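User: I am new to this structure and would like to go through it step by step. Could you show it to me, please?
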Amino acid sequence: MLLCAAAAVVVLFPLSVYPTLFHRSPNLPLHLMVLDHLTAYFQGADVDLNYVLAADFPNGRPVRVIGWPFQLMAVPLVPVVGRVVALNVALLASLMLSGVLMVRLLSQMGLGRVAQSVGGLAWVMNPLLVSFLSNGQYENHVGWALPLALLGILRAGLLGHLMLGAGLMGAAFSSPYQAIPAAIVVTAVLWMQARRQTGLLV
């Protein structure tokens, strides 16, 4: 798990080490605008979550907020460290959590430590997730959602159902592009699990 955390720092470098740096990407101003809007809302300002003034000042326009998970992680930090640092710290935490949960999933599947480390590193450093970070499509980086959902299936019971629901909701409220593959994988795993329980799959 520590190896995955170190890999997350490397992947997000230099923002992980110097969180005050401004990531120059086309989408960052939009994420900061949404973060400002959510922060104002949770601080009690009279704002409409679905209508953002900064999107078309001074009249504003309707906006569908995406990327909820990392934005909500950043909101409590904004008053303390500012919005840029808060956003960078939230991204680093999300990336670390992705690796930790993948290692945990592989452990629950019975794989050895070497396989867990390799799988966790591969998940943290896979080109698709890294590309989302590099081009500023932060809403598409929710690498912790799928392993959390699969861990929920393996655990079963009330807590397992909550983990499954949290994983699927995390993917859905981050981006529709992540909700679809997460739902497909979870459905396939549940189908295979049901067939195995009924003796139709060895």
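User: Which residues on the other side of α6 are exposed?
Analyst: V114 and V118 are exposed there; exposed means over 50% relative accessible area, buried means under 20%, and partly exposed lies in between, with a 1.4 Å probe and protein chains only. Helices are DSSP runs of H or I with at least four residues, strands are runs of E with at least two, and both are numbered from the N terminus.

User: What should I know about the model itself?
Analyst: This is a predicted model, in which local features need pLDDT of at least 70 and side-chain atom pairs count only at pLDDT 80 or more, while totals for chains, interfaces and linings use all residues. Residues are numbered from 1 along each chain as its sequence is written, and side-chain values use heavy atoms, with hydrogens and water left out.

User: Back to α6, then. Which of its residues are buried?
Analyst: Q116, G119, G120 and V124 are the buried residues of α6. They lie on the same side of α6, because they cover an arc of only 130° around the axis; the arc is taken from the directions from the helix axis to the C-beta atoms.

User: What do the buried residues of α6 pack against?
Analyst: They pack against α1, α5 and α7, where contact means heavy atoms within 4.5 Å.

User: How many residues does α6 have, and how far does it reach?
Analyst: Helix α6 runs over residues 113–124, which is twelve residues, and reaches 16 Å from its first C-alpha to its last. That is close to the 16 Å expected at 1.5 Å a residue; the expected span is 1.5 Å times one less than the number of residues.

User: How about α10: which residues are buried there?
Analyst: Q178, A182 and V186 are buried in α10. Seen down the axis, the buried residues of α10 fall within an arc of 45°, so they line one face of the helix. The face turned away from that buried side carries the exposed residues Y177, I180, I184, T187 and W191.

User: What covers the buried residues of α10?
Analyst: The cover includes α7, α8 and α9.

User: At what angle do α9 and α10 pack?
Analyst: Helix α9 (residues 157–174) and helix α10 (residues 176–197) pack at about 145°, with their axes 7 Å apart. Axes are lines fitted to C-alpha atoms, for helices over the stretch in contact, and angles run from 0 to 180 degrees between N-to-C directions. On the α9 side the contact is made by L164, L168, A171 and A172, and on the α10 side by P176, Q178, A179, A182, A183 and V186.

User: And by class, what residues are in the contact of α9 with α10?
Analyst: There are nine nonpolar residues, one polar residue and no charged residues. Ala, Val, Leu, Ile, Met, Phe, Trp, Tyr, Cys and Pro count as nonpolar, Asp, Glu, Lys and Arg as charged, and the others, Gly among them, as polar.

User: Let us switch to α1 and α5. Where do they meet?
Analyst: C4, A5, A8, V9 and V11 in α1 meet L92, L95, M96, G99 and V103 in α5. The axes of α1 (residues 2–11) and α5 (residues 83–108) come within 8 Å and cross at roughly 145°. The contact of α1 with α5 has nine nonpolar, one polar and no charged residues.

User: Now the loops. Is L12 buried or exposed?
Analyst: L12 is buried, with a relative accessible area of 7%, and lies in the loop between α1 and α2 (28–42). Leaving aside neighbours within four places in sequence, L12 is in contact with N88, L91, L92, L95 and L133. The C-alpha atoms of L12 and N88 are separated by 8.7 Å, although the two residues are 76 residues apart along the chain.

User: Which residues does a cis peptide bond join?
Analyst: The cis bond joins F13 and P14, with omega about 5°. P14 is also in the loop between α1 and α2. Most peptide bonds are trans.
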